[in-house]
Amino acid sequence: MPLVEAVVEVPVDAATAFAVSQTTGEVRRRWDPFIRRQHFLDGATAPGKGVRTLTVHRVGLRMVSEYVSYQPPTNVGMRMVEGSWFFAKMGGGWRFTPVDGDPTRTRAVWRYNFGCRPRWLAPLADRIGTVVLGYEIRRRIARFAQGCEDPVVLAAVRGAAASTLPDVPAD
């Protein structure tokens with residue numbers, strides 16, 4: 001199966017980079033040029049293993065994907081459950097690791113594998129898909145890096161993290 005990969009180093013710690021990658025709604029659209037809209041399915045309100053999402057690409061293509069792994073702050077993986085007619089299968093994984101010697105910076109690696117259909121056209125379609133999807137993923141990860149420096153995105157991530165902290169009784 002063809003594989004596309006994009007790598008970027010961002011000026012935030014791995015937990016923050018991971019949290020930025022999992023933003024939703026307007027905050028997500030500030031940095032993610034790939035999506036027109038995206039939301040959880042089946043009553044889910046947060047990402048997690050087994051959670052399904054509907055993603056509508058900016059040109060209208062639709063895909064239902066499922067988280068196959070969700071391990072903050074290091075990695076997340078998904079697989080396509082339903083999608084466009086030309087993808088027989090698709091999966092992706094995003095990995096976040098601290099930069100050696102500087103835990104305030106993170107190396108993000110995004111990998112996608114896919115297969116095209118119909119089978120007889122796959123040899124050509126896979127090559128075209130590698131070019132097109134490669135371009136999309138490089139563009140997307142570059143905008144993710146911008147999101148990791150966007151004060152609005154960072155404030156939303158930090159606000160979400162603060163709201164999940166347990167209440168601490170006053171002394």
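Okay, let's start with Thr23, which sits in the loop between H1 and helix H2, residues 25–31. Keep in mind that this is a predicted model.

So, is Thr23 buried or exposed? Its relative accessibility is 10%, and buried means under 20%, so Thr23 counts as buried. What does Thr23 touch, if we skip its neighbours within four places in sequence? The answer is Arg28, Trp31 and Val157.

Now step back into H1, which runs over residues 14–21. This helix is mostly covered, with six of its eight residues buried; among them are Ala14, Phe18 and Val20. Look at the start of H1 as well: there, a side-chain oxygen of Asp13 comes to within 3.1 Å of the backbone nitrogen of Ala15.

Let's stay with Val20 for a moment. Leaving out residues up to four places away in sequence, Val20 touches Trp31, Phe144, Gly147, Cys148, Val153, Leu154 and Val157.

That brings us to the largest nonpolar core, which has 36 residues. Which of them touch the most other members? They are Val10, Val20, Phe96, Trp110 and Phe144. Elements giving two or more residues to this core include H1, strand S1 (3–10) and helix H4 (151–163). The largest share, six residues, comes from H3. As a general point, nonpolar side chains in soluble globular proteins tend to be buried together.

Key. Residues numbered from 1 in each chain as written. Predicted model: local features only at pLDDT ≥ 70, side-chain atom pairs only at ≥ 80, totals over all residues. Heavy atoms only, no water. Buried < 20%, exposed > 50% of the residue type's maximum accessible area, 1.4 Å probe, protein only. Helix = DSSP H or I, 4+ residues; strand = E, 2+ residues; numbered from the N terminus. Polar contact = N/O pair within 3.5 Å; in protein donor to acceptor, adjacent residues only side chain to side chain. Contact = heavy atoms within 4.5 Å. Core = buried A, V, L, I, M, F, W, Y, C linked by side-chain atoms within 4.5 Å.
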